[in-house]
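Hi everyone, thanks for coming.

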Amino acid sequence: IAFKFIFLNRWIRHGGYYPTYVLRLFRHEQVERIDRAMDEQIRVRGGVGYLREPFIHHDRKGVRHWYEKHTRYANFQAAELLLRQHHRMSWRQAWQHQRDRKRWIKERIWVIIPPLFRPFLYFIYRYGLQWGFLDGRAGFIFHFSHAFLYPFMTAAIYTEKKQELTPMHAPAQPHE
């Protein structure tokens, strides 16, 4: 189902955000569930169809709630980056579904870019190259928050946790 997101009473239709397809209707015996702390996934054995009408998500909880939720998500995302030992998919597997294409890019290309630089590139890509600026004031708030602020928080938390896990090297002993 195409996911139609309404933020601050405005449809976010640009910035590469629409249509994002989400799997919502399926037979339980035909799926394999992939559990994660967040972004859990479902893989379907067999074909997948598409519905014509979108799933409309009208977020009425406000910007503050969105920030609080994404602060929690940034912690989960940073922890997943540190623990990522899951199966890396092949090029052929990746291009079968939109979700898998995004994951392949994240696993193979995105990781090459320094973590604290990624949010700048992602915001430029979403807001500029994917025309997010056409979504008006609500779109600027959304795209800046989702494509820059949230990834930056994730990268900063990841960087901090990675430093905490890196053993401190003892200073070299002077030669006698």
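I'll talk about aromatic rings, then charges over rings, then a surface patch.

Quick housekeeping: this is a predicted model, where local features need pLDDT of at least 70, side-chain atom pairs count only at pLDDT 80 or more, and totals for chains, interfaces and linings use all residues. Residues are numbered from 1 along each chain as its sequence is written, and side-chain values use heavy atoms, with hydrogens and water left out.

So, how many aromatic pairs does the structure hold? There are 22. Rings of Phe, Tyr and Trp (its six-membered ring) pair if their centres lie within 6.5 Å; planes under 30 degrees apart are stacked, over 60 edge-to-face, and the rest tilted. One of the pairs is Phe123 with Tyr127, which is stacked, with 5.1 Å between centres and 10° between planes. Both sit in helix H4, residues 118-129, four residues apart, about one turn of the helix. (Helices are DSSP runs of H or I, at least four residues, numbered from the N terminus.)

Is Phe123 buried or exposed? Phe123 counts as buried because its relative accessibility is 17%; buried means under 20% relative accessible area, exposed over 50%, partly exposed in between, with a 1.4 Å probe and protein chains only.

Ring pairs also link a cluster, including Phe117, Phe120, Phe123 and Tyr127.

Now the charges. Lys4 lies over the face of Trp11, 4.2 Å from the ring centre. For that, NZ of Lys or CZ of Arg must be within 6 Å of the ring centre and within 35 degrees of the ring normal. Arg24 has its charged end over the ring of Phe55, 5.9 Å from the centre.

Technical notes. Helices (H or I, at least four residues) and strands (E, at least two) are DSSP runs, numbered from the N terminus.
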